[in-house]
Amino acid sequence: MSVAAIEYACAVLGRAHALFGDSSTPSTPLAGGGSLSGAADRNAAARHAATLVTGRLPASVDAFGADAARRLEHLAGADDQLEARTRAAALADHAGRGASGRVLAAATTDVGRLAARAGSPAGQRALLVALRDRVSRQRQVVAAYHARDARMAALLRTLSYSSGPSGGAPLGSAGSRGPSHGPPGRTTLPVGRTRAVPAVGPSAPTGSPGRLAPTASPQEVARVLVEQCRRRGYSPAQTCAILATMLQESGGNPRAASRNGLWRGLFQQDAGYPGRDDPNAAISGFLDRLGAKGGPASPDVWKSIFWLQQAPGMASADAALASGRQGYLREIQSQLARAVTMYRKLGAG
């Protein structure tokens, strides 16, 4: 085997290695979600300050601020997703360079180990086989990370920075698990901390929940959901958390769907939920799987919901919270006040 052949094989391995980024450890590439979160906080502060004065100004500021809050929430959510996905891409590139570098180093070791025997036919064959194996392995590394990059690029293309419609209509941006719909207002609750639910009293609808049609209103959906939660033993506070999740995911619209069509229904479920387009099956499927992750016995139903919606394959709620898109917890909790109001109205009815 000639020196030129060895050099050529090593050059092929080197060019493949150069397809990956530099060797530095990737850092968080973006911080856009934080700046938009700050804008949402300043907007909330302005709305609060307007309540200290009289006249027409407070109502005008509140109306403007409510609309801005919905739009900022959607935009900040898109920023959170973009940051998470670009960081995942950087980490993947870093891991790919590491795998490629190990193949290149192994080839260098092979050349050093077998060079002394390259003068004989047997030694040349051994070196040729070794380098062929390294080139084949390098091709596998490149192919694997090329496919991974394509998947990540497809996910990035699903993001939308449109401000989204006002009100409870779905905004349809795709998340790590599914879309999140624009809520009225943004919270700054630290991730992982439970949120207190205002006292809602023990009363709740006690009649038959009936069957929901695909055209059911948010109020009709909420009545059935609350009754199903009561029958399964959820407390009023836990029920409000589940109701808030439904409001965040779909606004109570049984026909809500993400723009890419991957997530649909009241809880924006994937194709693993049979009958997800049927609001009755969507509610049952969500509560069945939530029950398997603690249900009414969960010490923190918010975490259990996060576990189910963001990282159901993890071993625990804490593990899910550590690995999932943490902004999702803030998003569902941002609907709590609306959920409590809806719950109280149902109880009074």
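Reader: I'm looking at Cys 229, so is it buried or exposed here?
Author: In this predicted model, Cys 229 has a relative accessibility of 0%, and therefore Cys 229 counts as buried.

Reader: And how many disulfides are there?
Author: The count of disulfides comes to zero. Cys 229 is in no disulfide, and the nearest cysteine sulfur, which belongs to Cys 240, lies 9.4 Å away.

Reader: Which helix residues are buried along with Cys 229 in H5?
Author: In H5, the buried residues are Val 221, Ala 222, Val 224, Leu 225, Val 226, Glu 227 and Cys 229.

Reader: How many residues does H5 have, and how far does it reach?
Author: H5 has 15 residues, and from its first C-alpha to its last it reaches 21 Å, which is close to the 21 Å expected at 1.5 Å a residue. Just after H5 comes Gly 233, which takes a positive phi of about 95°.

Reader: Changing topic to the neighbours: at what angle do H5 and H7 pack?
Author: Helix H5, residues 218–232, and helix H7, residues 279–291, pack at an angle of about 35°, and their axes are 11 Å apart. The crossing in which H5 passes H7 is right-handed.

Reader: Which residues meet there?
Author: From H5 the contact takes in Val 221, Val 224, Leu 225, Gln 228, Cys 229 and Arg 232, and these meet Ile 283, Ser 284, Leu 287 and Asp 288 of H7. By class, this contact of H5 with H7 has six nonpolar, two polar and two charged residues.

Reader: What about H6, where do its axis and that of H5 come within 10 Å, and how do they cross?
Author: The axes of H5 and H6 come within 10 Å and cross at roughly 145°, and this crossing is right-handed. On the H5 side the contact is made by Val 221, Ala 222, Leu 225, Val 226 and Cys 229, while H6 contributes Thr 239, Ile 242, Leu 243 and Met 246. The residues of the contact of H5 with H6 divide into eight nonpolar, one polar and no charged.

Reader: Back to H7, then: which of its residues are buried?
Author: The buried residues in H7 are Pro 279, Asn 280, Ala 282, Ile 283, Gly 285, Phe 286, Leu 287 and Leu 290.

Reader: And what covers them?
Author: The cover over the buried residues of H7 includes H5, helix H6 (236–250) and helix H8 (301–310). As for its span, H7 has 13 residues and reaches 18 Å from first C-alpha to last, close to the 18 Å expected at 1.5 Å a residue.

Technical notes
Residues numbered from 1 in each chain as written. Predicted model: local features only at pLDDT ≥ 70, side-chain atom pairs only at ≥ 80, totals over all residues. Heavy atoms only, no water. Axes fitted to C-alpha atoms, helices over the stretch in contact; angles between N-to-C directions. Helix = DSSP H or I, 4+ residues; strand = E, 2+ residues; numbered from the N terminus. Left-handed = near helix turned anticlockwise from the far one by under 90°. Contact = heavy atoms within 4.5 Å. Nonpolar A, V, L, I, M, F, W, Y, C, P; charged D, E, K, R; others polar. Expected span 1.5 Å × (residues − 1). Buried < 20%, exposed > 50% of the residue type's maximum accessible area, 1.4 Å probe, protein only. Disulfide = S-S within 2.5 Å.
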